[in-house]
Amino acid sequence: MTNWRLRAGRWSIRLTLRQGAAYNFTSLTLLQRIIVSQVLAQTQSAESISELASQALAELDAVPDADSAEQWRVAWLGRRGQITGILRSIPQLEPELRREVGTAANQARNLLDEALSRRIRELAEAELAARGALDVTLPGRPVVTGRLHPTTQIVREVCAAFMAMGFSVVEGPEVELDHYNFEMLNIPAGHPARDMWNSLWVDYVNEDGQQPMLLRTHTSPMQARVMESQEPPVRVVVPGKCYRYEATDATHEWHFYQIEGLAVAEGITFADLKGTLYEFARRVFGADRQIRFRCDYFPFVEPGVDMSISNFVDPATGRRPINRDEDWIEIMGAGMVHPRVLEGVGYDPQRYTGFAFGMGPERIGMLKYGIDDIRHFYRNDVRFLRQF
Ligand code: PHE
């Protein structure tokens, strides 16, 4: 605090100047300005400014919340703040003082600016911590990424087993022509074998009054499509969805997956069929699981078989893989490709032979994981799906 008394004739001015306070020079008379600048010249120095800055920093440290921090900013750095006042007074200073005071005041302002931002951040973090809103030391919550559907997992596993034996994977249309679903497979119109596949026909009638399209009842139509598109040797597996107009029960669904297989070349025999399917079963079920072939009839193979996997009671657990009173569960039809099918696609049946098979991956999953109802696969119950 500096008291200053000036006399000029009848005029007497008393000024009380607080060190570093803000003075609005434009509101002062010329005389007052001269006096003030002289007083300032004597009170302001780099040292006094840095003292002032220390005082400001100490006050800032004691500020308890964001509102008080704002008050502090107004008092020190606001338009009428103390540091601003010093900066404003510079033009009134003696020229030799301006540089020193200017530099010191600018440094002080920058210092206080930075300190204020830091303090505001500190206060905000402390407030969050006090509310318990965020503990930055806790590990993050795991993101649920989901998983592949069990059917997809089994389809991939089965395809991988055949790929390891030199098969490639192809896919085909789910809405299929009668031509491929039946006719090319040696099942002409009116043939009683069509009753083996209860079909869902597409509501479309062509110019000849026929209804030529259906939801494919099996993946076998891809046999003809693949052979039409290439010359032998052929070795493919075809995973995909099929549809049948059928009542559902524990082992039947009206929509389900199949994986078709086809191998055609010179000199392929029934021994190749059995060897390939044994190897597949060994890879997917392990070496201990028993396999059974029986004669079966499919119009597009000769001879035809079906293949079952053992559902015997496991002595270790006293349970069957699928909880049904059956010792064998059929998982696929198979056989040697019928000569008429080869002829139909333009292959010479005297020269080429081959085998084909079609299996149900859901049933494979049921046997492998002990699922006793195929309908679980399509219920979308996450309690079921999460187990795989
Ligand atoms: N497509 C037949 C079915 O769905 C299975 C099969 C495929 C049989 C290939 C023999 C050869 O029942």
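I began with the shell around the ligand: by class it holds five nonpolar residues, five polar ones and no charged ones. The model I am reading is a predicted one.

Next I looked up the names. The residues around the ligand are His-218, Ser-220, Phe-298, Val-301, Gly-333, Ala-334, Gly-335, Ala-356, Phe-357 and Gly-358.

**Entry on β11 and β12.** I checked how these two strands run. β11 and β12 are antiparallel and are joined by five bridges. I then looked for the partner of Gly-333, and found that its bridge partner in β12 is Gly-358. Both of these glycines are on the list of residues surrounding the ligand.

**Entry on the burial of β12.** How many of the eight residues of β12 are buried? I counted eight of the eight, so the strand is largely enclosed by the rest of the structure. I went through the two faces separately. On one side Tyr-352, Gly-354, Ala-356 and Gly-358 are buried.

**Entry on β8.** I followed β12 to another partner. β8, residues 255-266, pairs with β12 in the antiparallel sense over eight bridges. Within this pairing, Val-264 stands opposite Gly-354 of β12.

**Entry on the nonpolar core.** I looked up the largest nonpolar core and found 58 residues in it. Val-264, Ala-334 and Phe-355 have the most contacts inside this core. β8 gives the most to it, with six residues. Apart from this core lies another, of 14 residues, including Ile-49, Trp-72, Ile-83 and Leu-112.

I noted that Ala-334 also belongs to the residues around the ligand. What does Ala-334 touch, not counting residues up to four places away in sequence? I found Leu-273, Leu-277, Val-305, Met-307, Phe-355, Ala-356 and Phe-357. For background, I wrote down that nonpolar side chains tend to be buried together in soluble globular proteins.

**Entry on α11.** I moved on to helix α11, residues 361-369. Seven of its nine residues are buried, so the helix is largely enclosed by the rest of the structure. The buried ones are Pro-361, Glu-362, Arg-363, Ile-364, Gly-365, Met-366 and Leu-367. I looked up what they pack against: the helices α6 (150-163) and α9 (270-285), and the strands β8, β10 (301-310), β11 and β12. After α11 comes Gly-370, and its phi is positive, near 70°.

**Entry on a sheet of three strands.** I turned to β4, β5 and β6. They form an open sheet in the order β4-β6-β5, with antiparallel pairing. The edge strands are β4 (175-177) and β5 (200-201), each of which pairs on one side only. β4 and β6, residues 213-215, pair over three bridges. In this pair Glu-176 stands opposite Leu-214 of β6.

**Entry on the whole chain.** I ended with the totals. The protein has twelve helices and twelve strands. It has 388 residues, of which 30% count as buried. Among contacts with a separation of 6 or more, 69% are between residues 24 or more positions apart.

Key
Residues are numbered from 1 along each chain as its sequence is written. This is a predicted model: local features need pLDDT of at least 70, side-chain atom pairs count only at pLDDT 80 or more; totals for chains, interfaces and linings use all residues. Two strands pair if DSSP finds at least two bridges between them. Helices (H or I, at least four residues) and strands (E, at least two) are DSSP runs, numbered from the N terminus. A residue is near a molecule or strand if its C-beta atom, placed from the backbone, lies within 6 Å of it. Ala, Val, Leu, Ile, Met, Phe, Trp, Tyr, Cys and Pro count as nonpolar, Asp, Glu, Lys and Arg as charged, and the others, Gly among them, as polar. A residue is buried if 20 or more other C-beta atoms lie within 10 Å of its own, exposed if 12 or fewer, and partly exposed in between; C-beta atoms are placed from the backbone. Two residues are in contact if their C-beta atoms, placed from the backbone, lie within 7 Å. A nonpolar core is a set of buried Ala, Val, Leu, Ile, Met, Phe, Trp, Tyr and Cys residues joined through C-beta atoms within 7 Å.
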